[in-house]
Amino acid sequence: MNTSEFNMDSKIQIDDRLIVDDNHNENYTNNSIFRGIPSSPGIAYGYAFVIKPETVVIPTETIEKSKINEELEKFESAKNELISEYYLALRKVQFESKNIHAVIETNILIISDPYLINGIKKRIQSCYTAESSIIQEFDAQKQNLQNSNDFLLRERAIELDNIKERIIEILRKKKIKRDILPGKLVVSKYVTPTDVVNFRDSKISAIITELGGISSHSSILARAYQIPEIIGVKNATEVIKENDFIIADGYKGLVIINPDKETLNEYEILKSKEKAYRKRLGKLISLPSETKDKHRIFLKTNINVQGDLETTLLLSTDGIGLVRTEILLSNMDKFPDEEEQYQWYKHIAEQIYPNPVTFRVFDIGSDKEAPGMPHKETNPALGFRGIRFLLYRKDILKTQFRAILLASETRNVSVMLPMITSVKEIIKSREIFEECKNQLKDEGKIFDNNCPFGVMIETPAAAIQSKVFSNYANFFSIGTNDLTQYTLAADRTNELVSDVFDSFHPAVLKLIKMTIDAAREANIPVSICGELAGHLAATSILIGMGVTELSVSPTSFLELKKRTREIKFSEAVKFADEILKCQTHDEVRKLLALN
Ligand code: PEP
Ligand code: MG
């Protein structure tokens, strides 16, 4: 399968004149385009189903003392009804992944929180109606979370809003129109995780909301169910009318109301390409990444070109094991500044959330040219490459560290160093990393102070020193391309030595094993992100050697998943032992039945 067949870079040009930015217009014209945040990829078009939000009263309505018990009971029964609604949703998803359960369970925890419940009850006891008390207490708690420095707590504030709106609806005994016809595009102020489960059952085709966070629970579920979703579309429930014909573009975060023929045609083409692509991916996408005997292997993708992110999102991977950030530099005659880099890193981190992403700092030099390289080298692969260049141009490294740290607010970001050969390089880079953190702290910026700091093992020196390196790194990622090149002294780009360049060479395999053992001993994660990770003949050897994470290009992902699911871990361990006893690469290849 070739993922490049499906390319989201459509011809569709968004004419800025048509974009209604503040969404205040009531008299939109045909083909009006509204921008939101893309939170689940995919394209849908059809008729809108608008869920009008409840008007929430000013929360100061009071009651006579004699009515307190009645209001307490009203609250109690609305709360219990909401909890039952969540349990019903839990039953519906009982055979689905733990992630999905966790999302709904968290909502049960929030609404069962004694602190929240007591707060509401106290307000009722001070003679406020149940409705006013709920709104006051939720808003007070939301205020605290919103003021937090913590991204996840601020996102939790959005969750609180969703739960508040839903419990008010229950209290007012408003039945949400749940009998939505298949194919409708739901437009709502907010959606709860339970709504998303129900929407999936109703086979709606997209979700558009006014509120929501990219990492909110309902967004996570929309991504899990592959329902295109666009959040943060201001006043969507006012500007979009019931049965308006709309297009939802979950890649770009656009909603197009009453599109003209040409725009619709382009989206029809895009949609049919997407459909064909998803069909080819088949069932494998939703199956777990594990061996036959249920040994979990984390399968991730490498981002090698800009379009790889969209493909990754469609593949439902365990995250992104390697972003080759140098792709940002292509066609640029200068290094992108902090803001430009931050926007890109943040976009990737948010889109893949809650799964993790690892950004490798610029690996330039050798065959990867870049602005600012001092001179042409006669032997560039052994020259001023990767971390060597970055430690010479500390300004570039600092800017990049700062941009990555700023994007780490979502707490799913790691950073990684390329071309390491000595502890000194790790220590120096880490010092700069810590310096950047301190600067950002002084500036009052928010980032993940525990952002994992990893090292690529792609030189023989690094593999041999991996035990020592494990004291300075939070994780390893083995780059088998360079590890092979440097171990066998065979240029990876020179076809004259392509027969020498062989990642199945016993020397390379032994260095990989040495690294895996060092990581296991130090209890730090180790992954493989070089080409060998995607070589299906290598899968059982690598898993058998103890690796638990493989990261490959999106094009190889599903084949790798299929292969992983065919392997028995217990047999793979024995097979890897046997392979490691081979003395030549011919012997290895013979055992693997390779030519
Ligand atoms: C590697 O060397 O295996 C690797 C993943 O890095 P790159 O191919 O970008 O050098
Ligand atoms: Mg490399």
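Me: Which residue just after α7 takes a positive phi?

Reply: Just after α7, Q226 takes a positive phi of about 55 degrees. The model is a predicted one, in which local features need pLDDT of at least 70 and side-chain atom pairs count only at pLDDT 80 or more, while totals for chains, interfaces and linings use all residues. Residues are numbered from 1 along each chain as its sequence is written, chains are lettered from A and ligands numbered from 1 in the order in which they are written, and side-chain values use heavy atoms, with hydrogens and water left out. Helices (H or I, at least four residues) and strands (E, at least two) are DSSP runs, numbered from the N terminus.

Me: Which other residues have a positive phi without being glycine, and where do they lie?

Reply: K203 has a positive phi of about 60 degrees, and its place is in the loop between α6 (193–202) and β5 (206–209). S316 has a positive phi near 50 degrees and belongs to the loop between α10 (308–315) and β10.

Me: How many residues of helix α7 are buried?

Reply: Seven of the eight residues of α7 (residues 217–224) are buried, so the helix is largely enclosed by the rest of the structure. The buried residues are H217, S218, S219, I220, L221, A222 and R223. In the loop between β5 and α7 we find E210, which is also buried, with a relative accessible area of 17%. The C-alpha atoms of E210 and V233 are 4.7 Å apart in space, although the two residues are 23 apart in sequence.

Me: Which peptide bond is cis?

Reply: The bond from Y353 to P354 is cis, with omega near 5 degrees, and P354 lies in the loop between α11 and β11 (357–360).

Me: How is a pair of aromatic rings described?

Reply: Such a pair is described by the distance of the centres and the angle of the planes. Rings of Phe, Tyr and Trp (its six-membered ring) pair if their centres lie within 6.5 Å, and planes under 30 degrees apart count as stacked, over 60 as edge-to-face and the rest as tilted. A search of the whole structure finds 10 aromatic pairs. In one of them, F335 and F389 have ring centres 6.5 Å apart and planes at 20 degrees, so this pair is stacked. The pair links distant parts of the chain, with F335 in the loop between β10 (320–324) and α11 (338–352) and F389 in helix α12 (residues 387–392), 54 residues apart. F335 counts as buried because its relative accessibility is 15%, and F389 counts as buried because its relative accessibility is 0%.

The rings of F433 and F453 have centres 4.9 Å apart and planes at 45 degrees, so that pair is tilted. This pair, too, links distant parts of the chain, with F433 in helix α14 (residues 423–442) and F453 in strand β13, 20 residues apart. Both F433 and F453 are buried.

Me: Which residues form one aromatic cluster?

Reply: F335, F362, F384, F389 and Y392 form one aromatic cluster.

Me: Where does a charged end sit over a ring?

Reply: A charge sits over a ring if NZ of Lys or CZ of Arg is within 6 Å of the ring centre and within 35 degrees of the ring normal. The charged end of R200 sits over the ring of Y225, 4.5 Å from its centre, and that of R296 sits over the ring of F298, 4.2 Å from its centre.

Me: Which side chains have a polar atom beside an oxygen atom of ligand 1?

Reply: A polar contact is a pair of N or O atoms within 3.5 Å; within protein, one must be able to donate a hydrogen and the other to accept it, and residues adjacent in sequence count only if both atoms are side-chain atoms. A polar side-chain atom of R360 lies 2.8 Å from an oxygen atom of ligand 1, an N or O atom in the side chain of R385 is 3.2 Å from one, and a polar side-chain atom of D482 lies 2.9 Å from one.

Methods:
Buried < 20%, exposed > 50% of the residue type's maximum accessible area, 1.4 Å probe, protein only.
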